[in-house]
Amino acid sequence: MTRECSLLLPRVCAALADPRQPGSDDTCLEKLLDWFRALTEFDPSVKLVQDNPCLTEFITSVLVLPEPSPSILSFTLRLVGILAASESRFQHLQQEKLLVRLFGGDGPLSSVVWEDASVRSGWVEGVHSMMHHQPALHFLCNGGGIDVIFGLQGDPSLFVASAACRLLVHMLILSVESETTKPLSAKDCDWPACAQMIIKRIEDSLQSSSASHVEQSLKLLTSLFGSCRSTWTEVLWLGIAKQIESFLMEKTVQVQHTLANLLINMAWSPVFCDSEGSFWALVTSALEHLTPVQAGPLAVGLLRLYKCPQDVRIQALTVLLQPMDCILRAASQPLEYAGLLDESVSDPATVESLLSSKSSCAGLLCQNLAHLEELLSLIHLPVDLPYASLLRFLTTILQFCNGFLSPTSPLGSAISRILINSFRVQRSALDVLAALSERIGCDTHMGSLFDVLLAYLESPNTSPTVLKKTFQATSKWLVHLHEVSCSNSQWQQTEKILEDVFLVLQKRLCSPCWEVRDSSLEFLTVLIKCLRDQDEFRQLLLSSEVPRLTENLLEDPEGYVRASAVTAVGHLAFITYFPPERPVVGNQSNKENTVAKLQEILSTDPEGFPRRAVISIFTKWLRQGCTGQLEDTAQFVSRVIQTVQHDLDWEVRLGGLEMVEIFCSQTICQLGLPKCSYAPVSSGVTSSAHQNKSLQVFCRAKVFSFLFRSLCDCDKPVGQRACDILLVLRGNFSPVSTLKESQEAGDSPAAPGIAWLQRTLRQGSLAENFPSGGGNRVDFEDPESMLLALGTVDLEELHDELSKCSDHVEKSPQSLLQDILATAGTIEENEADCY
């Protein structure tokens, strides 16, 4: 322990134990506990307690208080648990009779303060912290602690109940794995004493008539099998398997939903998934006897498992497909559709009953759709889904929801009435539909799919959230349709769909709802990104009113819409002004007008989102070489960074640095220098002519002024990025030998200015009116001065300073302990809580 901590610790203990104080700040106490954890790991010996008797005195003083503060008592319980994690310190605290007074029956357990959840939580956490050795395990088991922890599993505080469950799992694993020397059998005598006590309580709870006790033990087993992969878990399972199986048959004990989680965790354990015993038979029974809502999570968990037996996987897939099969049958006219499944896992009447009930229909479908989306998101599907039937199911659901389907069957009519305008089901179905576009091949049902999507896009009843989802699904399917369009007839279908989409888009861009305008612009941007290389798409887009309406939205009253409009206009420019061959529409004046509008937004828009969008678009243009020749590009970059350097939004300034980085890299490569690297190059590689020309371009563009100013930006990411760029430039322009020479040369005319720059950067702040030259100040537009600056300024030192964590001072032990003292009220001149 450091000397300063030894001096401050007694003051902290005295302050926390002061009965006049109502209790210290919880955040400060948590910080102090974190410090103690680090301290005990650094010094695991008993000397930590022996050399600091103030710790024992503090614990004792809290115990003798008639009404201790719950927060201080909770802190004390957790602190003692941390100290007792070492066996030697545990023995010392036990000799002092402190452990039994805190964690035994005569401690907080029997006092009024136990009613406070923070005290119960502190007790559980303290016990958990000390459970690293057998003496702690025996102390708790012999002192009746097992009963207390099992009781806390049903605590009204979910945090306490969850912590108690984790503690029991930890104790059981510790007991078995630290006290057994040979493989366990099912005989009780082979289990260690503490493990026997826990297992006996689990077995008794499973046989209890109380559903809550059964559920608590099932959760404990779920946690155990999910965290422990040792073979002894199978021995434990063999003793309780029959009881677990009985819960599937008993309708009186409603714990079936917990069984699904238990079986999933077991299936993912190699102890059970590789077995050929009764476990998979129990899983099969669960799929048959659980309700469709309960069986769904189990089914999708099994389908994600590669080692699942084939017959079980087929049964799990059938569970997921049953609602789909029921919907398709209900929507079909008589004899038109024979159904999807030859046989069902559970009674089809049960699924039909759930789907025809208003209270359960939407919930079952949303759960089912979420499971299907989860499977579709997997890179490698361990099971083949019937994609064509799934597509038909999704379009049918969406037609039910917007009232476009009127089936004649009683079940279909009931489902239609329930699902009309169900936003939950619409959103879920559209999410799955979007995910399906990446799986399905060329299909004949494309026409009916886009009929449904266009109906949603056109309908005034479509909510903004559902419309956004529809746009996302439509864009994915349009891209998919383009990818599979391999004949003229298919392209004619695509062309007709795009014409309809652009007509709808024109209306939506004029919507009075800003969310709709915003979603429409995002949809347009995605289409341009994916399809801009296709001549037919470009012609259809430019022949519509969409480009004009999009530019109009640059002046939208809503900032989010203006930002989306900037992005859309920026991508439109790749078609109108920067096409790969020749412009389809527009001229130079239109291009300059658009650029001027975006620059005006960058300099005058009151909200940050549009300005961020502009700098992002400008950077994208620069990256793709759309800003003209080198001289034009330098002027463009110069105008942008002179605007950006005064922006109040640090993300905009950071975007300006990204633009500078790209500009520097492109310029160096165009002028024949080696590509940018992070290491200096030899002096023979770079020619002075090329070097001077590049430096002149950067100086004229005011790049160096922007970079050196950014070094002292109040937002650290900006300074770090600027320093990285300057290091790269130095590697390209200043060989190692030149660096040393420049540092030794004190007679250069620019030397006083460079010395001023070095001092200013070390101070960490630049003057508000940043000088461009004159007097003893550095001239940032002089190539010779900038070459000298790159070689003289200690960029490595600046880089190290900028890389330091901003709270490396505030998190020091002295600062932390002083905060504790201040919060406890012992430092009168510092009453504010710094946290």
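T494 lies in helix α27, which spans residues 488-508; helices here are DSSP runs of H or I with at least four residues, strands are runs of E with at least two, and both are numbered from the N terminus. The structure is a predicted model, in which local features need pLDDT of at least 70 and side-chain atom pairs count only at pLDDT 80 or more, while totals for chains, interfaces and linings use all residues. Residues are numbered from 1 along each chain as its sequence is written, and side-chain values use heavy atoms, with hydrogens and water left out.

With a relative accessible area of 2%, T494 is buried. Buried means under 20% relative accessible area, exposed means over 50%, and partly exposed lies in between, for a 1.4 Å probe and protein chains only. The C-alpha atoms of T494 and F537 are separated by 9.5 Å, although these residues are 43 apart along the chain. A second pair of this kind involves Q534, whose C-alpha atom is separated by 9.4 Å from that of H482, 52 residues away along the chain. Q534 lies in the loop between α28 (514-531) and α29 (535-542) and is partly exposed, at 28% relative accessibility.

The chain as a whole has 43 helices and 0 strands. Of its 835 residues, 53% count as buried. Contact means heavy atoms within 4.5 Å. Among contacts between residues at least 6 apart in sequence, 71% join residues at least 24 apart.

A nonpolar core is a set of buried Ala, Val, Leu, Ile, Met, Phe, Trp, Tyr and Cys residues joined through side-chain atoms within 4.5 Å. The largest such core holds 273 residues, of which W123, F393, F704 and F708 touch the most other members. At least three residues of this core come from each of domain 1 (1-143) and domain 2 (502-618), with the bounds taken from an automatic or database domain assignment. Apart from its neighbours within four places in sequence, F393 is in contact with P323, M324, I327, L328, L365, N368, L369 and L372.

Two helix pairs were examined. Axes are lines fitted to C-alpha atoms, for helices over the stretch in contact, and angles run from 0 to 180 degrees between N-to-C directions. The axes of α31 (residues 559-576) and α33 (residues 608-623) come within 8 Å and cross at roughly 15 degrees, which makes the two helices roughly parallel. Angles under 35 degrees count as roughly parallel, over 145 as roughly antiparallel, 65 to 115 as roughly perpendicular, and the rest as oblique. Residues making this contact include Y560, V566 and F574 of α31 and F609, I617 and W621 of α33. In the second pair, α6 (residues 87-95) and α9 (residues 134-142) pack at an angle of about 40 degrees, with axes 9 Å apart. These helices are therefore oblique to each other. Here E87, F90, Q91 and Q94 of α6 meet P135, A136 and F139 of α9.

Backbone angles were also considered. Most residues other than glycine have a negative phi. N421, which is not a glycine, has a positive phi of about 60 degrees. N421 is found in the loop between α23 (410-419) and α24 (423-436) and is partly exposed, at 44% relative accessibility. K702, also a residue other than glycine, has a positive phi near 60 degrees. K702 is found in the loop between α36 (688-700) and α37 (703-711), and its relative accessible area of 28% makes it partly exposed.
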